[in-house]
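Here is a short report on a two-chain model.

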There are 2 protein chains.
Amino acid sequence: MPQNQETRMSTATDEFTTHNLDPRIAEQLSHNEAGLVAAIIQQYDTKEVLMLGWMNDEALHRTLTEGRVTFWSRSRQEYWRKGDTSGHYQSVHSVSLDCDGDALLVQVDQHGAACHTGSRTCFDDRDLHAEQAV
Amino acid sequence: MPQNQETRMSTATDEFTTHNLDPRIAEQLSHNEAGLVAAIIQQYDTKEVLMLGWMNDEALHRTLTEGRVTFWSRSRQEYWRKGDTSGHYQSVHSVSLDCDGDALLVQVDQHGAACHTGSRTCFDDRDLHAEQAV
């Protein structure tokens with residue numbers, strides 16, 4: 001997200017728009033209207049998809065440099081380093097950007113449950129019973 | 001998405017808002033501002049994450065009932081049944097909704113490349129070189 005005054009005023013607080021992300025990475029991102037990219041979180045060894053979260057540029061910077069996954073919480077409008085409250089943290093193994101720059105694939109080692117419900121993944125409990133291809 | 005007139009006028013065309021999705025599923029969805037939910041596409045056996053797409057209610061209905069994955073194309077503002085043009089279609093194995101209703105995990109059998117660049121997945125080419133956890 002460009003750091004000019006107009007953008008800053010129209011999006012959010014200084015906390016949201018100030019970031020330390022490498023500009024060579026930032027320029028590859030295609031943010032949504034809220035200044036975010038989607039982050040798919042996958043267990044690195046079993047390849048389970050654990051959850052989908054959202055990152056702004058600073059959350060991605062922290063994820064790339066701290067060894068722990070940080071999201072931007074849309075509901076609370078604040079940074080959310082997964083596990084700081086629950087203990088269910090995510091150790092970073094790799095981060096890849098997709099072809100059009102609006103989604104990240106973050107491979108992690110998940111400690112404990114990924115889902116706030118206590119389930120291993122956020123997708124465990126609501127199978128929509130698709131008709132399979134014949 | 002509620003089908004009242006106000007919503008229809010404020011979002012998009014009749015094609016976008018008219019849907020056949022089971023109301024018991026539709027009521028569980030938490031759409032973004034554009035009336036969409038994110039759809040993570042995963043190869044069912046190798047567990048590779050292939051791509052991230054977007055679905056409105058009708059795209060999800062078609063995906064659940066046709067055995068093939070259909071997205072809503074945000075750039076073209078039209079339905080996009082993956083593979084109709086490229087031949088690289090996705091056969092549906094399962095569809096699950098996440099805990100807060102704004103993301104789907106779609107397990108598929110991907111025929112050919114998932115990415116429009118010709119890569120197997122959309123995440124193959126841009127590793128962001130994260131520092132790993134110690």
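Contact here means heavy atoms within 4.5 Å. By that criterion, 43 residues of chain B are in contact with 43 residues of chain A. This is a predicted model, in which local features need pLDDT of at least 70, side-chain atom pairs count only at pLDDT 80 or more, and totals for chains, interfaces and linings use all residues. Residues are numbered from 1 along each chain as its sequence is written, chains are lettered from A in the order in which they are written, and side-chain values use heavy atoms, without hydrogens and water.

**Confidence.** The predictor gives the complex an ipTM of 0.88 and a pTM of 0.88. pLDDT is the predictor's confidence in each residue, from 0 to 100. Its mean over chain A is 89, and 87% of the residues of chain A reach 70 or more. Residues 1-11 of chain A have pLDDT below 50; beyond near neighbours in sequence, this stretch has 15 contacts in the model. Where pLDDT is low, the predicted coordinates should not be read in detail.

**Interface.** Buried area is the accessible area (1.4 Å probe) that two parts lose on being put together, summed over both. Between chain B and chain A it is about 3800 Å², with 60% from carbon and sulfur atoms. Phe123(B), Arg126(B) and Leu128(B) supply 21% of the area that chain B buries against chain A, more than any other three residues.

**Symmetry.** Copies are superposed by least squares on the C-alpha atoms of residues with pLDDT of at least 70 in both. A 180 degrees rotation with 0.0 Å of shift along its axis places chain B on chain A, at an RMSD of 0.0 Å. The two copies are thus related as by a two-fold rotation axis. Of the residues of chain B, Lys47(B) comes closest to that axis, at 2.8 Å (C-alpha).

**Inside chain B.** Helices (H or I, at least four residues) and strands (E, at least two) are DSSP runs, numbered from the N terminus. Buried means under 20% relative accessible area (1.4 Å probe, protein chains only). In helix H4 of chain B (residues 57-66), the buried residues include Leu60(B), Thr63(B) and Leu64(B). Strands E3 and E4 of chain B are among the elements that cover them.

| Residue | Location | Phi |
|---|---|---|
| Gln77(B) | hairpin of E3(B) and E4(B) | near 55 degrees |
| Gly67(B) | follows H4(B) | near 75 degrees |

Note on methods
Pairing = 2+ DSSP bridges. Buried < 20%, exposed > 50% of the residue type's maximum accessible area, 1.4 Å probe, protein only.
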